Amino acid sequence: MKKSKTKCIGILTSGGDCPGLNAAIRGVVKAAIGTYGIKVVGFYDGFRGLVENRTVTLEDRNVSGILTQGGTILGTSRDKPNKMPMGGKRMDMTNAAVENVRKHHIDCLVCLGGGGTQKNAFHLHKEGGIDVLTLPKTIDNDVWGTDTTFGFDTAMWIAAEAIDRLHTTATSHHRIIVCEIMGHNSGWLALGAGIAGGADVILLPEIPFSLERVAEHLEQRRLSGKRFSIVAVSEGSLSQEEAAAAEQAKSGKKKKHSPDVVIEHDEDGNPYRLVQEPKASQIARQIQHLTGTEARVTSLGHVQRGGSPSPRDRLISSLLGTAAAEALAKGNYNNMIAIRGDSCKPIPLEEVAGKKKMVPLDHPWLATAQMVGTCIGV
Ligand code: F6P
């Protein structure tokens with residue numbers, strides 16, 4: 001057994017689940033126990049289980065056989081320690097969370113999650129005074145400071161495969177199919193899957209689109225003899241008009257854009273749509289009207305988050321999990337372990353919390369999409 005400054009850790013998974021979470025839990029637990037003799041306490045259902053002190057002692061046998069399993073053996077929730085719904089009210093449960101960490105003599109709490117989790121873990125450190133360590137998880141790939149997040153590769157693969165399948169039926173029926181892809185407010189998933197699946201139009205939240213431009217592109221394809229088209233739409237995409245309305249709403253001038261779209265803002269002030277009609281349906285309806293070609297809609301939804309992780313996600317999760325155990329043994333806390341190239345690098349959580357990694361407008365994936373003739377809505 002190697003020497004370790006850390007004797008006992010807590011571990012939880014928080015936010016939307018994704019493929020690779022179990023592989024990461026396994027990486028942490030196997031390396032912590034097997035290599036360093038660290039005791040591991042699992043908390044169920046994210047920060048809610050921490051506040052409610054719902055635990056399981058994790059041993060090697062608990063994580064045996066979970067490398068390839070989707071979901072998370074610990075369960076998850078979107079609860080935040082400082083704004084937790086309790087008996088119909090939102091309560092600050094930071095003290096309860098900290099008390100439970102201390103009760104179990106936990107030296108460091110390992111939190112696996114996306115942007116929100118990075119923020120919540122940092123909150124527990126800053127306001128609660130406990131030591132934390134985080135791993136970047138999400139199908140959205142929008143965590144700042146890491147080259148990639150685990151879950152993204154699998155989700156991109158599922159979405160690309162769906163686009164492949166849509167191609168054959170769209171071709172047979174000479175239709176336009178609009179496919180809605182997850183990603184919250186960032187377009188990594190739609191862009192990656194759109195390029196990999198050969199979508200003819202890719203719409204992202206980072207680039208407000210013009211429907212007229214999209215219709216023009218689809219019409220040009222029709223005139224060149226291509227009688228079908230696939231439009232990949234990121235769920236957070238906004239038309240140029242919606243984006244302008246969102247800007248106005250941000251400055252408090254206007255609340256609504258149209259009867260079927262309500263623009264709200266998340267805690268970071270980013271606009272998102274409260275969807276009364278799914279984005280893809282709205283776009284398909286308008287495209288059908290503008291082009292006169294029959295359009296259909298597919299929304300991939302949670303299919304993208306389910307099932308077994310890809311080999312790359314299993315690999316990344318294992319790398320991150322074991323790197324976390326190494327950092328814990330050294331007593332290096334209050335960082336997020338990031339993927340940088342082929343290795344892992346600790347980044348101070350203070351730098352990560354509250355930031356989001358959007359698709360930069362000069363990103364090579366965008367240039368590639370355009371060079372192969374894909375319309376990006378402008
Ligand atoms: O953050 C992951 C994600 O799947 C987003 O892509 C999506 O917007 C959201 O979660 C859906 O969340 P829920 O499962 O809570 O509906």
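An oxygen atom of the ligand lies 2.7 Å from an N or O atom in the side chain of Asp-140. The model is a predicted one, in which local features need pLDDT of at least 70 and side-chain atom pairs count only at pLDDT 80 or more, whereas totals for chains, interfaces and linings use all residues. Residues are numbered from 1 along each chain as its sequence is written, and side-chain values use heavy atoms, with hydrogens and water left out.

On its own the ligand has 400 Å² of accessible area, of which the protein covers 71%; accessible areas come from the Shrake-Rupley method with a 1.4 Å probe, and for residues only the protein chains shown count as cover. The residues around the ligand, taken as those with a heavy atom within 4 Å of it, are Arg-78, Thr-138, Ile-139, Asp-140, Met-182, Gly-183, His-184, Glu-235, His-302 and Arg-305. This shell divides into two nonpolar, four polar and four charged residues. In this division Ala, Val, Leu, Ile, Met, Phe, Trp, Tyr, Cys and Pro count as nonpolar, Asp, Glu, Lys and Arg as charged, and the others, Gly among them, as polar.

One member of the shell, His-184, has a positive phi of about 55 degrees although it is not a glycine. His-184 is placed in the loop between β8 (176-181) and α7; helices (H or I, at least four residues) and strands (E, at least two) are DSSP runs, numbered from the N terminus. With a relative accessibility of 35%, His-184 counts as partly exposed, the classes being buried under 20% relative accessible area, exposed over 50% and partly exposed in between (1.4 Å probe, protein chains only). A positive phi of about 55 degrees also occurs at His-105, again not a glycine. His-105 belongs to the loop between α4 (94-103) and β6 (108-113) and counts as exposed, at 64% relative accessibility.

Aromatic contacts were examined next. A pair of aromatic rings is described by the distance of the centres and the angle of the planes. Rings of Phe, Tyr and Trp (its six-membered ring) pair if their centres lie within 6.5 Å, and planes under 30 degrees apart count as stacked, over 60 as edge-to-face and the rest as tilted. By this rule there are two aromatic pairs. Phe-152 and Trp-365 form a stacked pair, with 6.4 Å from centre to centre and 15 degrees between the planes. This pair links distant parts of the chain, since Phe-152 lies in helix α6 (residues 152-173) and Trp-365 in helix α13 (residues 364-371), 213 residues apart. Phe-152 counts as buried because its relative accessibility is 5%, while Trp-365 counts as partly exposed at 30%.

The other pair, Trp-188 and Trp-365, is edge-to-face, with centres 5.8 Å apart and 85 degrees between the planes. Trp-188 lies in helix α7 (residues 188-197) and Trp-365 in helix α13, so this pair ties together parts that are 177 residues apart in sequence. Trp-188 has a relative accessibility of 5% and therefore counts as buried.

Lys-355 lies over the face of Trp-144, at 3.9 Å from the ring centre. Arg-221 lies over the face of Phe-228, where the distance from the ring centre is 5.2 Å.

Thr-148 is located in the loop between β7 (132-136) and α6 and, at 9% relative accessibility, counts as buried. The side chains of Thr-148 and Asn-141 are joined by a polar contact of 3.4 Å. Such a contact is a pair of N or O atoms within 3.5 Å; within protein, one must be able to donate a hydrogen and the other to accept it, and residues adjacent in sequence count only if both atoms are side-chain atoms. Gly-128, in the loop between α5 (115-126) and β7, is buried with a relative accessible area of 16%. Thr-6, in the segment before β1 (8-13), counts as buried at 1% relative accessibility.

Notes
Lys NZ or Arg CZ within 6 Å of the ring centre and 35° of its normal.
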